[in-house]
Amino acid sequence: MSSHTQAASSPGWLIYDLHVAQILVLWRTIHRAGGQFTARCFISPLSSPRLPLKPNLGILLSGRGSNFEAIAANVLSGKLDCEIGFVFSNRANAAGLARARELGFACGTLESKGIDRDEYDRQVADLLREHAVDFVCLAGYMRLLSGHFVHQFRNRILNIHPSLLPAFPGLDAQYQAWIHGVKIAGCTVHFVDEDLDSGPILMQAAVPVLDDDTPETLSARILVEEHRIYSEAIAWVLTGNYRIEGRRVIKT
Ligand code: GRF
């Protein structure tokens with residue numbers, strides 16, 4: 001009998017393969033429940049992934065690249081304690097990629113025409129690994145990531161979205177908010193899962209919608225907040241001082 005089968009044959013399997021911190025939470029949960037196992041045992045929080053002292057960021061972008069530039073400025077000034085190991089774009093002519101080259105970062109691009117999503121993402125993940133990327137930041141990357149890619153970098157992919165999620169996911173979020181008539185718009189930094197703009201939320205910033213706003217003026221004010229909170233969220237994640245409980249990202 002394999003050790004896994006043995007473990008699964010008794011209540012002891014519940015703690016099989018769990019991280020020490022999770023075992024502690026499990027123990028406390030059982031203790032508080034008066035020794036009874038409950039469904040809560042199965043949703044013990046996930047602690048942050050272990051990152052090296054100076055993690056290597058990979059940035060994925062498809063266009064202008066202003067969020068990448070804001071992050072790069074903070075990395076280069078030492079405000080963010082990490083390196084940018086690789087900047088990737090699915091669009092060879094992305095302005096952000098040209099800027100990354102000017103700044104001297106390792107860059108890459110892959111033509112996506114004719115390649116299915118899984119295979120494409122496999123190749124992107126290979127490139128990231130070749131450049132020893134620990135953590136991925138999507139900065140206006142206009143492709144939905146495959147499950148395989150998300151799995152490879154589980155809880156190590158961040159995205160910035162220009163709305164207060166879960167409101168207005170998808171394209172033209174600022175326009176969606178404006179035309180809907182909301183009074184408060186904003187932006188969100190979240191972990192990336194297999195679905196569109198849907199992972200656990202790290203940070204949000206609110207931006208009031210003014211009566212004389214156009215989608216363009218509103219977008220411009222949201223972008224200022226995007227540049228601010230994306231680096232703040234990265235800095236937080238780099239500290240490792242958080243845990244994920246269900247959808248909630250909690251400071252530790
Ligand atoms: C930003 O509004 C970001 O929130 C969204 O795509 C846009 C990218 O802009 N995901 P930039 O390329 O970073 O300037």
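What do the buried residues of α7 pack against? They pack against β6, β7 (184-191) and α8 (215-239). Contact here has a cut-off: C-beta atoms, placed from the backbone, lie within 7 Å. Helices (H or I, at least four residues) and strands (E, at least two) are DSSP runs, numbered from the N terminus.

The model is a predicted one: local features need pLDDT of at least 70, side-chain atom pairs count only at pLDDT 80 or more, and totals for chains, interfaces and linings use all residues. Residue numbers start from 1 along each chain as its sequence is written.

Stay with helix α7, residues 173-180. Its buried residues are A173, Q174, A177 and W178. Seen down the axis of α7, they fall within an arc of 135°, so they line one face of the helix. The arc is that of the directions from the helix axis to the C-beta atoms. An α-helix has 3.6 residues a turn, so residues three or four places apart point the same way. I179 and H180 are exposed, on the face of α7 turned away from its buried side. Buried means 20 or more other C-beta atoms within 10 Å of a residue's own, exposed means 12 or fewer, and partly exposed lies in between; C-beta atoms are placed from the backbone. Just after α7, G181 takes a positive phi of about 85°.

Now turn to helix α4, residues 95-102. G96, L97 and A100 are buried there. Down the axis of α4, its buried residues fall within an arc of 100°, so they line one face of the helix. The cover over these residues includes β2 (56-61), α3 (66-76), β3 (83-89) and β4 (107-109). R101 and E102 are exposed, on the face turned away from the buried side of α4.

Next, the ligand. There are 13 residues around it, and R64, S66, N67, G140 and P162 come nearest. A residue counts as near if its C-beta atom, placed from the backbone, lies within 6 Å. α3 and β6 (157-161) each supply at least two residues of this shell. By class, the shell has 4 nonpolar, 7 polar and 2 charged residues. Ala, Val, Leu, Ile, Met, Phe, Trp, Tyr, Cys and Pro count as nonpolar; Asp, Glu, Lys and Arg count as charged; the others, Gly among them, count as polar.

H148 is partly exposed, because 14 other C-beta atoms lie within 10 Å. Not counting residues up to four places away in sequence, H148 touches D118, D121 and R122. H148 and R122 are 26 residues apart along the chain, yet their C-alpha atoms are separated by 7.4 Å.

How values were computed
Contact = placed C-beta atoms within 7 Å.
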